Amino acid sequence: MKTKQTASDKRTILVLGSNGFIGREFVKELLSNKRENDQFYFLNRTFPAQKIEGVHYFTGDFTHFDWTSLPSSPDIVIHFARNSSKRGRKWGRLLASFKGYFGNNRLLNYLSIQNKKCRVFYLSGSLMYGNHTEIVTEKTPLQPISFAKEYIHAEQPFLTNQLKNIDVTFVRVPWVLGFGSWFDAFYLKKIKTEQTVPIYGDGRNTMAFILNQDIAKCMVHLLDNPFQPVVNLAYDYFCTQAEFSQKIANKLHLPLTTIPIHSFERAIKEAFTSSIKLGSELKECDFILNNTSVEGKIDDFLGEIDISV
């Protein structure tokens with residue numbers, strides 16, 4: 001439903017990484033709820049296959065993009081862009097994270113000299129909290145593990161932000177269910193090539209989940225909510241990795257197979273042996289996250305899997 005808006009309430013929204021698997025869902029949700037005077041800037045490394053009327057598209061890596069080339073400075077920045085590395089493991093990720101640090105620092109410097117208030121929503125992950133036996137909330141101190149040990153360097157400019165005209169909200173999410181995510185790399189590939197469902201290690205680690213479509217809905221909703229420095233988004237539902245694999249196996253009528261974890265690099269080992277029960281003390285998005293059966297949502301997602309090679 002579109003919201004009534006006056007000219008004085010015009011919002012310029014900059015989305016970094018709108019072509020990603022979460023970014024694409026966010027764009028759909030954002031544009032379906034757009035306001036009359038909203039202005040959109042989408043930045044990606046390449047132009048999308050199909051452009052949307054009324055959207056300003058820009059190409060380039062956010063780490064080196066000339067922010068002064070934007071027609072006007074943004075009121076809201078949605079940050080899905082992340083410098084990742086497929087090579088070099090730890091050192092590749094570390095290098096990518098320092099590039100991210102440089103890019104995020106440049107972005108903050110640009111925003112700081114604009115004569116306006118700006119809100120930044122930065123998508124982050126629950127690995128930043130580390131392994132916990134209890135539910136973690138927005139107040140839980142950061143103890144990054146796995147991939148987050150490197151990626152936290154890119155977040156530092158926003159974590160230490162003291163600029164009065166910039167409000168930064170970290171949106172932290174758990175295991176994201178969506179095609180194009182970790183699920184493709186660690187589950188779907190095995191399912192398609194070997195017709196089995198993997199369990200990594202002993203499978204006893206506890207997992208929390210969220211669908212990429214629900215991340216999109218929550219983040220669009222948060223644009224109009226009062227500022228919060230951290231918002232955790234996750235379903236009120238946890239299960240072990242082994243239970244999750246069993247759900248997939250039952251849905252697809254495939255056998256389970258155990259994958260020894262010792263042969264993987266440190267980051268993958270930690271991801272599949274750590275328990276992070278992501279929770280929230282905030283209720284802003286409960287009507288989205290827990291409006292229907294969570295098991296039903298996961299079941300619907302698994303029902304979309306195509307196991308043909």
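Which residues touch the most other members of the largest nonpolar core? The views below start with the whole model and then zoom in.

**Figure 1. The whole protein, a predicted model.** Local features here need pLDDT of at least 70, side-chain atom pairs count only at pLDDT 80 or more, and totals for chains, interfaces and linings use all residues. Residues are numbered from 1 along each chain as its sequence is written, and side-chain values use heavy atoms, leaving out hydrogens and water. You can find 9 helices and 14 strands here (DSSP runs numbered from the N terminus: helices are H or I with at least four residues, strands are E with at least two). The radius of gyration, taken over C-alpha atoms, is 20 Å, close to the 19 Å that the globule rule gives for 309 residues, so the protein is as compact as a globular protein of that length. That rule is 2.2 Å times the number of residues to the power 0.38. Of the 309 residues, 53% count as buried (buried is under 20% relative accessible area, exposed over 50%, partly exposed in between, with a 1.4 Å probe and protein chains only).

**Figure 2. Inside the largest nonpolar core.** Such a core is a set of buried Ala, Val, Leu, Ile, Met, Phe, Trp, Tyr and Cys residues joined through side-chain atoms within 4.5 Å. Not counting residues up to four places away in sequence, Phe244 touches Leu177, Trp182, Phe183, Tyr187, Met207, Phe209, Cys239 and Ile298 (contact means heavy atoms within 4.5 Å). A second, separate core of 23 residues includes Phe65, Val77, Tyr110 and Val120.

**Figure 3. Helix α5, mostly covered.** Look at residues 212-222: 8 of the 11 are buried. Among them are Asn212, Asp214, Ile215 and Ala216. Cys218, Met219, Val220 and Leu222 are buried too.

**Figure 4. Asn161 in its loop.** Asn161 sits between α3 (148-159) and β7 (166-173). Is Asn161 buried or exposed? It's buried, with a relative accessible area of 17%. Leaving aside neighbours within four places in sequence, Asn161 is in contact with Leu108, Ile166 and Val168. Thr257 is 96 residues away from Asn161 in sequence and 46 Å away in space, C-alpha to C-alpha.

**Figure 5. Phe98 on helix α2.** Phe98 belongs to the helix that spans residues 89-112. With a relative accessible area of 44%, Phe98 counts as partly exposed.
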